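Please look over the sequence and the model before reading on. The paragraphs below take up some charged pairs and then the surroundings of the ligand.

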Amino acid sequence: MSTGFLHLHVFVTTLFLLFMAFKVVLLVLNKTSLLETVRNKTKVVDMILGALLLVTGIGLLVFKGSVPAYIMVKIVAVLAAIPLGIIGLKKGNKVLAVLSLVLIVYIYGVAETKSYKFKKDKITVEQASDTILEANADTQISNGKALYEAACVECHGTDGKKGLFKAADLSASALSREEKIQIVSNGKGTMQAYKDQLSAQDIESVVSYIETLK
Ligand code: HEC
């Protein structure tokens with residue numbers, strides 16, 4: 001249910017923002033009569049898309065409960081870009097319209113890189129947890145646990161079963177260790193690649209830890 005929702009939401013939002021970007025470009029190029037025609041012809045479609053965007057967006061928020069920071073930033077940017085674009089287009093105000101276009105491009109960047117800074121921060125074990133310095137039982141697993149808590153818990157949950165964004169249940173995974181390493185390194189679906197953020201050794205550690213969730 002919620003993946004269908006997510007796909008619908010992404011589709012509707014993309015269409016809506018592309019539409020708006022197109023109209024902003026027309027405004028900037030002074031193609032006002034064409035812009036008027038386009039706006040009049042697409043009024044109803046626009047309203048339906050706008051309503052669907054809000055409904056699916058709110059639906060997703062309600063379903064998920066907690067959302068990663070980059071998604072919060074994206075939501076705020078979408079909520080700012082849409083009224084700016086609408087007012088800009090209505091009043092023929094290029095500054096507002098361009099501002100909305102800049103926001104749209106930014107939102108695209110955020111969605112693409114899954115980071116509001118467009119850059120994935122390195123996750124270090126030290127950052128992840130101070131307590132692991134005290135843990136001397138099995139260092140690889142405890143490093144893995146700290147990394148897991150820093151990077152994976154939001155979607156997979158402490159027991160691996162949380163399933164945010166349809167995240168696979170790690171406690172029931174049938175994948176081999178190699179396959180898990182491959183997925184964590186290169187990402188899959190909504191899950192990002194971690195090979196730029198985690199060293200090969202860290203990926204080994206985090207996979208060792210998730211194998212204990214069984
Ligand atoms: C943004 C949410 C998110 C985060 C953060 C995340 N994952 Fe995932 N993970 C997913 C989703 C969604 C899938 C399912 C992908 C698919 O099958 O399309 C998945 C799948 C996996 C799988 C494959 C399991 C299987 O049986 O198919 C593994 C292993 C995994 N994640 C490990 C991790 C590890 C380790 C981390 C932290 C370094 C992590 N994930 C962080 C969302 C996330």
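In which helix do Arg-39 and Glu-36 lie, and how many residues apart are they? In this predicted model, both residues belong to helix H2, which covers residues 32-64, and they are three residues apart, about one turn of the helix. Their side chains meet in a salt bridge with an N to O distance of 3.9 Å. Arg-39 is buried, at a relative accessible area of 18%, whereas Glu-36, at 39%, is partly exposed.

Six salt bridges are counted, and a network of them links Arg-177, Lys-180, Glu-204 and Glu-211. Lys-180 counts as buried, with 6% relative accessibility, while Arg-177 is partly exposed at 26% and Glu-211 is partly exposed at 28%.

Helices H8 and H9 also take part in the shell around the ligand, where they and helix H7 each supply at least two residues, with H8 giving the most, three residues. Of the 21 residues around the ligand, those that come nearest are Cys-152, Cys-155, His-156, Ser-173 and Met-191. The side chain of His-156 places an N or O atom 2.8 Å from a ligand nitrogen, and a polar side-chain atom of Ser-173 lies 2.6 Å from a ligand oxygen. By residue class, the shell divides into 14 nonpolar, four polar and three charged residues.

Definitions and conventions
Residues numbered from 1 in each chain as written. Predicted model: local features only at pLDDT ≥ 70, side-chain atom pairs only at ≥ 80, totals over all residues. Heavy atoms only, no water. Near = heavy atom within 4 Å. Polar contact = N/O pair within 3.5 Å; in protein donor to acceptor, adjacent residues only side chain to side chain. Helix = DSSP H or I, 4+ residues; strand = E, 2+ residues; numbered from the N terminus. Nonpolar A, V, L, I, M, F, W, Y, C, P; charged D, E, K, R; others polar. Salt bridge = Lys/Arg side-chain N within 4 Å of Asp/Glu carboxyl O. Buried < 20%, exposed > 50% of the residue type's maximum accessible area, 1.4 Å probe, protein only.
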